[in-house]
Amino acid sequence: MPARRNPFRPTAGATPPILVGRHGLLEQYAESIDDGPGAPWLLTLVTGARGVGKTVMLTELGDVARAKGWVVIDETATSGVMERIAAQADRHRSELGSPDRARVVGGSIGSVISIDLDTPERPVKSWRQRVGALLDVLAGHETGLVVTIDEIHGMDTGELAELAACVQHLIRDGRAISLVMAGLPSAVNDLLNGDVSTFLRRAERMQLDNVPLRMIADSLKEIFEDGGLRISEEDLAEAVAATQGYPFMIQLVGYHLWRRADDQGHLNHEAVTEGIEAARQRLGTMVIAAALADLSRMDRTVLSAMACTDGPSRTADIARAIGRDSKYVGVYRARLMAAGMIRPVGHGQVDFAMPYLREYLAGLVGLAD
Ligand SMILES: Nc1ncnc2c1ncn2[C@@H]1O[C@H](COP(=O)(O)OP(=O)(O)OP(=O)(O)O)[C@@H](O)[C@H]1O
Ligand SMILES: [Mg+2]
């Protein structure tokens with residue numbers, strides 16, 4: 001029997017075999033693409049905790065637009081992003097053939113001969129002009145341009161302000177452009193609350209959250225059945241519960257169950273238990289440890305203090321636990337929120353924003369230091 005290819009994708013940014021629980025959002029976006037300039041979701045901010053599926057969502061939104069004939073430029077907000085977008089716009093424009101560019105290709109079989117009649121020296125164009133030139137060509141095809149920018153929280157504020165100003169003008173001119181950006185919620189809020197741009201603050205928000213367990217059950221069932229795998233209802237329910245609704249964990253659990261199926265495609269109870277445990281370990285080493293490694297020692301001390309209790313924490317309690325005052329803890333609380341590790345849960349309390357983070361810190365899951 002040929003080996004079954006494991007369809008699960010437990011890797012940052014990798015498109016999952018089934019995108020669970022996001023169809024409403026994709027439909028909303030598709031509608032805005034159909035409606036064109038002025039439609040609300042063309043300017044969108046995707047936010048959510050680590051591993052909840054922001055990058056994947058950008059890819060999917062891009063695919064929605066691409067399927068409708070739009071051109072998509074995908075970028076990450078590291079330094080120089082504006083120039084990279086403009087360079088890609090130039091490339092698309094020359095590929096599509098621009099109105100101000102005369103190109104003579106010799107002979108039907110002589111496609112080797114290509115004479116470029118472009119004027120050699122043209123003044124340097126601004127970002128808006130370069131992207132605008134692509135939009136002109138696209139308008140001729142009755143389509144538009146989508147720019148997606150990931151990890152927006154890392155964007156240089158100068159570049160962000162420039163981007164906002166340019167896109168605002170293009171939108172005001174009724175051009176078919178969509179800007180979709182993704183980042184961690186608090187960091188995005190901080191960025192937008194600075195005086196970067198009122199325009200970007202008015203973007204539609206797609207706040208991604210964990211997905212309903214019922215939908216995860218349906219998707220796992222479908223993927224297993226398609227692959228000829230058999231699992232009992234009870235074991236499936238256990239696997240679904242182990243994901244806690246967290247998208248990254250859906251892929252980890254699915255992946256580690258799949259590889260434990262026997263030659264007949266049967267997943268017995270022991271295999272399921274082992275698979276879930278392996279998924280938890282991987283979440284610890286890959287996702288949680290990586291996120292913790294980005295933090296300072298004091299950030300981690302605050303998290304550890306939170307892990308000593310079972311539920312949400314009050315700033316005053318954390319302060320008491322680590323022997324500092326509330327003001328001091330407040331600074332770390334803000335930092336940890338911006339990093340997507342914790343989230344406010346009302347009444348001034350905070351809780352962990354990632355599943356198993358508490359268990360990991362308490363030394364119950366994964367490889368705690
Ligand atoms: N809706 C979903 N259904 C199933 N799996 C998903 C879904 N969204 C994301 N995933 C899976 O979760 C993992 C993390 O997704 P992704 O990298 O997009 O998250 P992210 O929010 O961008 O994370 P980070 O904050 O670290 O950048 C990937 O393995 C992806 O396949
Ligand atoms: Mg991402």
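Thr315 touches Ser326, Val329, Gly330, Arg333 and Gly348, leaving out residues up to four places away in sequence; contact here means heavy atoms within 4.5 Å. This is a predicted model, where local features need pLDDT of at least 70, side-chain atom pairs count only at pLDDT 80 or more, and totals for chains, interfaces and linings use all residues. Residues are numbered from 1 along each chain as its sequence is written, chains are lettered from A and ligands numbered from 1 in the order in which they are written, and side-chain values use heavy atoms, with hydrogens and water left out.

**Overall make-up**

- The protein has 15 helices and 10 strands, taken as DSSP runs (H or I of at least four residues for helices, E of at least two for strands) and numbered from the N terminus.
- Of its 369 residues, 47% are buried, meaning under 20% relative accessible area, with exposed being over 50% and partly exposed in between (1.4 Å probe, protein chains only).
- Take the contacts between residues at least 6 apart in sequence: 72% of them join residues at least 24 apart.

**More on Thr315**

- Thr315 sits in helix α13, which covers residues 315–322.
- Its relative accessibility is 16%, so Thr315 counts as buried.
- The side chains of Thr315 and Arg333 make a polar contact of 3.2 Å. That term covers a pair of N or O atoms within 3.5 Å; within protein, one must be able to donate a hydrogen and the other to accept it, and residues adjacent in sequence count only if both atoms are side-chain atoms.

**The nonpolar cores**

- The largest nonpolar core has 54 residues, and Leu303, Met341 and Ile342 touch the most other members. A core is a set of buried Ala, Val, Leu, Ile, Met, Phe, Trp, Tyr and Cys residues joined through side-chain atoms within 4.5 Å.
- Helix α11 (residues 269–293) is the top contributor to this core, giving nine residues.
- Domain 2 (213–290) and domain 3 (297–361) both supply residues, so this core lies between them; the bounds come from an automatic or database domain assignment.
- Setting aside residues up to four places away in sequence, Leu303 touches Leu292, Leu295, Leu336, Met341, Ile342, Phe352 and Leu361.
- There's also a second, separate core of 35 residues, with Ala77, Leu138, Ile149 and Leu160 among them.

**Helix α11 up close**

- With 25 residues, α11 reaches 35 Å from first C-alpha to last, close to the expected 36 Å, which is 1.5 Å times one less than its number of residues.
- A kink of about 35 degrees is centred on Gly284 in α11; the bend is the angle between axes fitted to the seven residues ending there and the seven starting there.
- Buried residues of α11 include Ala271, Gly275, Ala279, Leu283 and Val287.
- Among the elements covering the buried residues of α11 are α9 (233–243), α10 (247–258), α12 (297–307) and α15 (357–361).

- Leu26 belongs to helix α1 (residues 23–35) and, at 10% relative accessibility, counts as buried.
- Leu26 and Met57 are 31 residues apart in sequence, with their C-alpha atoms 8.6 Å apart.
- Ala307 is in helix α12 and counts as buried at 13% relative accessibility.
- Ala307 and Arg358 are 51 residues apart along the chain, yet 5.0 Å separates their C-alpha atoms.
- Beyond neighbours within four places in sequence, Ala307 contacts Phe352, Arg358, Leu361 and Ala362.
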